Amino acid sequence: ELSKQDIIREKDQLLQEVESQRVTSEKSSYSQQEEIKKLQQQLQERECSIAELQVTTQNLTKEKQKLFQQMESQNNASKMSLDSHQETINQLQHLLQERDCT
């Protein structure tokens with residue numbers, strides 16, 4: 001049979017084990033909460049980076065469209081100028097042919 005002292009000792013030992021497990025559990029929970037906070041911060045930073053990249057991409061797309069329009073406009077102007085020069089050349093050739101014929 002267990003004596004009263006043995007029972008008290010066993011009870012105290014069980015209480016210590018329970019307290020130790022509680023402290024360990026709290027530390028683990030705190031660690032997990034800290035890890036969650038850290039991961040949430042990283043996620044937020046990445047979301048900000050993604051948003052910044054999206055804005056940059058949109059701006060670059062607008063700039064590309066603007067440059068493409070400028071290039072089209074310059075190409076059209078060059079084509080008109082070449083057409084005009086070709087017309088002048090044709091007229092001069094025509095005048096030279098007329099002069100050679102006379």
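This is a predicted model: local features need pLDDT of at least 70, side-chain atom pairs count only at pLDDT 80 or more; totals for chains, interfaces and linings use all residues.
Residues are numbered from 1 along each chain as its sequence is written, and side-chain values use heavy atoms, with hydrogens and water left out.

Let me start with the whole chain. Its secondary structure comes to one helix and zero strands, where helices (H or I, at least four residues) and strands (E, at least two) are DSSP runs, numbered from the N terminus. The C-alpha atoms fill a box of roughly 145 × 20 × 10 Å along the principal axes. The radius of gyration of the chain is 43 Å, whereas a compact globule of 102 residues would have one near 13 Å; this radius is taken over C-alpha atoms, and the globule rule is 2.2 Å times the number of residues to the power 0.38.

How many of the 102 residues count as buried? The answer is 0%, with buried meaning under 20% relative accessible area, exposed over 50%, and partly exposed in between, using a 1.4 Å probe and protein chains only.

Now to the charged side chains. The chain carries 13 positive and 18 negative ones, and the centres of the two sets lie 4 Å apart; Lys and Arg count as positive and Asp and Glu as negative, while His and the chain ends are not counted, and each charge is placed at NZ of Lys, CZ of Arg, CG of Asp or CD of Glu.

Side chains of opposite charge can pair when their charged atoms come close. A search of the whole structure finds seven salt bridges, each being a side-chain nitrogen of Lys or Arg within 4 Å of a carboxyl oxygen of Asp or Glu.

One of them joins Arg22 and Glu26, at 2.5 Å from N to O, and both residues lie in helix α1 (residues 4-101), four residues apart, about one turn of the helix. Arg22 is partly exposed at 38% relative accessibility, and Glu26 is partly exposed at 45%.

Another links Asp83 and Lys79, at 3.2 Å from N to O. Where do these two sit relative to each other in helix α1? Asp83 and Lys79 are four residues apart there, and so about one helical turn separates them.
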